[in-house]
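Me: I would like to learn how to read a few features of a protein model. Please take them one at a time.

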Amino acid sequence: MAKFSKNTLTDSDLSRLIEMAWEDRTPFDAIEGQFGLSESEVIELMRSQLKRSSFNLWRKRVTGRATKHVALRSKLVTRAHCPTQYKHK
């Protein structure tokens, strides 16, 4: 797994990372697994990429949300996203 930083992310990677961070059912562990960024690094990246009001809404949304933190999730949930989330093109 390659360790990404906000300097090495392509526009496509950055867009996908932000999308994953906004998704309710994608835990920070999945983002770390794909991009190598810890939760605190994702927060820093989101702070730098979003408008302040958008960042504040995002932080309020994800803080303490069980689906964003694997340790808070039910052990019955074994996936990172809803089965219908990704549409075939």
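Me: Are Phe-55 and Trp-58 buried or exposed?

Reply: Keep in mind that this is a predicted model. A residue counts as buried when its relative accessible area is under 20%. Phe-55 is buried, and Trp-58 is as well. For Trp-58 the relative accessibility is 0%, so Trp-58 falls under that cut-off.

Me: Where is Trp-58 found, and which residues does Trp-58 touch, leaving out those up to four places away in sequence?

Reply: Trp-58 sits in helix α4. With residues up to four places away in sequence left out, Trp-58 touches Ala-21, Trp-22, Phe-28, Val-42, Ile-43, Met-46 and Leu-50. Take Met-46 from that list: Met-46 and Trp-58 are twelve residues apart along the chain, and their C-alpha atoms are separated by 8.7 Å.

Me: How many aromatic pairs does the structure hold, and how do I read them?

Reply: Rings pair if their centres lie within 6.5 Å, and the angle between the planes then gives the kind of pair. The structure holds two such pairs. One joins Phe-28 and Trp-58 edge-to-face, with 6.3 Å centre to centre and 85° between the planes. Phe-28 belongs to helix α2 and Trp-58 to helix α4, so this pair ties together parts that are 30 residues apart in sequence. Phe-55 and Trp-58 also form a pair, this one tilted, at 6.0 Å centre to centre and 40° between the planes. Phe-28, Phe-55 and Trp-58 make up one aromatic cluster.

Me: Why are Phe-55 and Trp-58 separated by about one helical turn?

Reply: The general idea comes first. An α-helix has 3.6 residues a turn, so residues three or four places apart point the same way. Here, Phe-55 and Trp-58 are three residues apart in helix α4, which means about one helical turn separates them.

Me: Which residues of α2 are buried, and where do they lie on the helix?

Reply: To find out, look down the helix axis. The buried residues of α2 are Phe-28, Ile-31 and Phe-35. Seen down the axis of α2, these buried residues fall within an arc of 55°, so they line one face of the helix. They pack against α1, α3 and α4. After α2 comes Gly-36, with a positive phi near 75°.

Me: What span does α1 reach, and what is expected?

Reply: The expected span rests on 1.5 Å a residue. Helix α1, residues 11-22, reaches 17 Å from its first C-alpha to its last, close to the expected 16 Å. Its buried residues include Leu-14, Leu-17 and Ile-18, and the buried residues of α1 pack against α2, α3 and α4.

Conventions:
Residues are numbered from 1 along each chain as its sequence is written. This is a predicted model: local features need pLDDT of at least 70, side-chain atom pairs count only at pLDDT 80 or more; totals for chains, interfaces and linings use all residues. Side-chain values use heavy atoms; hydrogens and water are left out. Helices (H or I, at least four residues) and strands (E, at least two) are DSSP runs, numbered from the N terminus. The expected span of a helix is 1.5 Å times one less than its number of residues. Buried means under 20% relative accessible area, exposed over 50%, partly exposed in between (1.4 Å probe, protein chains only). Contact means heavy atoms within 4.5 Å. Rings of Phe, Tyr and Trp (its six-membered ring) pair if their centres lie within 6.5 Å; planes under 30 degrees apart count as stacked, over 60 as edge-to-face and the rest as tilted. The arc is that of the directions from the helix axis to the C-beta atoms.
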